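Please have the sequence and the 3D view at hand while reading.

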Amino acid sequence: MPVGEIRHNIYSVGAIDWDRRLFDALIPLPDGTSYNSYLIKGSEKTALIDTVDPTMGDVLINHLNQLGIENVNYVVAHHAEQDHSGALPQVLGKYPQAKVIVTSRCKDMLIDLLMIPEERFVTVSDKETLSLGDRTLEFIHTPWVHWPETMVTYLREEKILFTCDFLGSHLATTDLYVTDEGQVYEAAKRYYAEIMMPFRTNIEKNLRKIEEYAIDIIAPSHGPMYDKPEFILKAYHSWVFDEPKNIVVLPYISMHGSTHKMVGHLVEALTKRGVTVKQFDLTATDIGKLAIALVDAATVVIGTPTVLVGPHPNVVYATFLANALRPKLRFVSIIGSYGWGGRAVEQLAAMIPNLKVELLDPVLSKGFPKEADFRALDNLAAAIAEKHKEHGFA
Ligand SMILES: Cc1cc2nc3c(=O)[nH]c(=O)nc-3n(C[C@H](O)[C@H](O)[C@H](O)COP(=O)(O)O)c2cc1C
Ligand SMILES: [Fe+2]
Ligand SMILES: [Fe+2]
């Protein structure tokens, strides 16, 4: 990607990672990602906002060279995670005078992670400002989006909010700004679900905090910028604040088809009762799709055969992840098939202490499901539909 000009003397100088398919060795990236870095030249000082992944430091340096930047006074490090800070040593080597602007917590983490010498840092308190001459940066502490040290930066004169991971999306694109809202909505929701949702209470506070500012552009450090900030703010509002929807998410495994048959029956029974169902075969699904579905769902029904006394390991993985992501679920149930006996239900129920949910009666079938099992699934569907109606989930 070439350097992009945002305003006079404000540039996008980061890197696009088209081919990356996994983040944190965990999160699928179907559309790649970008590590956005921004350069702001004031009449007196120059600041770089975040750097890039250490694998792409040369792209950033090349962009700075193209712009003929001989001096950088400040590098703002919003977040210590290496996809934004990893090229800091390279940048600090090129600009020996540059100071790193951080929260005090971020300073400690960057010393731990990247061994950056203590004298390179300047710590800033919440809402502290820094003048670049004709331009002013205001640093707003926004802890836990998604690490404890995070902050964002408001460029007052241009009303640009640089948010790093907060409000970002994993999406490789040459577009500076959002063009395809549908595509960015999905990518940003995936990002929220996987990275931000576990910290929903902090997200709430930080959303309220940044909404006190007049914002023309939101410039995150992943994905395109938002020149219509209300698009992403409205989306976050609904993900964070809205009641769950009339949706059941149904992740399952079936080795020989019994649990699968039960899943099929339950999906029909729920659909007939006006409940939306999202079914995920865990051998095939992109786990990010499951995370996205969890953002709005009121209920999860986990489908598993009994394997070596417990749930199938893939189901354990998905359940562990759902518990860690802390979606706003209200109800959980478990269905599945067993051969002779086991503890699949007890083991799964013990795995979800973070979910403040009511456990609805599970349905277990011995071998292939039979008439009584189908009736039990009908009852479960009726109970779920009733609960959703009672709570007004639409
Ligand atoms: C590797 C393996 C281990 C199993 N371990 C158990 C077990 O510990 N307890 C049990 O009741 N059934 C066990 N079963 C039997 C399955 O739970 C049973 O066949 C069930 O109907 C499979 O459901 P499915 O068709 O949805 O895969 C095991 C099956 C396999 C293949
Ligand atoms: Fe991060
Ligand atoms: Fe990031």
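## Donor spacing and the iron site

In sequence, the residues that donate to the iron ion (ligand 3) follow the spacing D-H-x80-D-x56-H. The model described here is a predicted one. The donors to the iron ion (ligand 3) are D83 through OD, H84 through NE2, D165 through OD and H222 through NE2, with distances of 2.1 to 2.2 Å.

## Geometry and burial at the metal

For four tetrahedral donors the ideal angle at a metal is 109.5 degrees. The four donor atoms around the iron ion (ligand 3) subtend angles of 82 to 170 degrees, and the arrangement is therefore irregular. To count as tetrahedral, four donors would need all angles between 85 and 135 degrees.

D83 has a relative accessible area of 3%, and H84 has one of 1%. Both values fall under the 20% limit for a buried residue, so D83 is classed as buried, and so is H84.

## The surroundings of ligand 1

Ligand 1 is surrounded by 16 residues, of which the closest are S254, M255, T306, V309 and S337. By type, the shell around ligand 1 consists of seven nonpolar residues, nine polar residues and no charged ones. Three elements each supply at least two residues of this shell, namely the helix α8 (258-272) and the strands β20 (306-307) and β22 (331-338).

Polar contacts to ligand 1 involve both backbone and side-chain atoms. A polar backbone atom of G257 is 3.0 Å from an oxygen atom of ligand 1, and a polar side-chain atom of T259 lies 2.7 Å from an oxygen atom of ligand 1. A polar backbone atom of L308 is 2.8 Å from a nitrogen atom of ligand 1. Taken alone, ligand 1 exposes 640 Å², and the protein buries 80% of that area.

## A loop residue elsewhere in the chain

S125 is located in the loop that joins β11 (121-123) and β12 (129-131). Its relative accessibility is 41%, and because this value lies between the 20% and 50% limits, S125 counts as partly exposed.

Terms used:
Residues numbered from 1 in each chain as written. Chains lettered and ligands numbered in written order. Predicted model: local features only at pLDDT ≥ 70, side-chain atom pairs only at ≥ 80, totals over all residues. Heavy atoms only, no water. Donors = N, O, S within 2.8 Å, 3.2 Å for Na, K, Ca; no water. Tetrahedral: all angles 85-135°; square planar, octahedral: opposite > 155°, others 65-115°. Buried < 20%, exposed > 50% of the residue type's maximum accessible area, 1.4 Å probe, protein only. Near = heavy atom within 4 Å. Polar contact = N/O pair within 3.5 Å; in protein donor to acceptor, adjacent residues only side chain to side chain. Areas by Shrake-Rupley, 256 points an atom, 1.4 Å probe, with all protein chains shown as cover. Helix = DSSP H or I, 4+ residues; strand = E, 2+ residues; numbered from the N terminus. Nonpolar A, V, L, I, M, F, W, Y, C, P; charged D, E, K, R; others polar.
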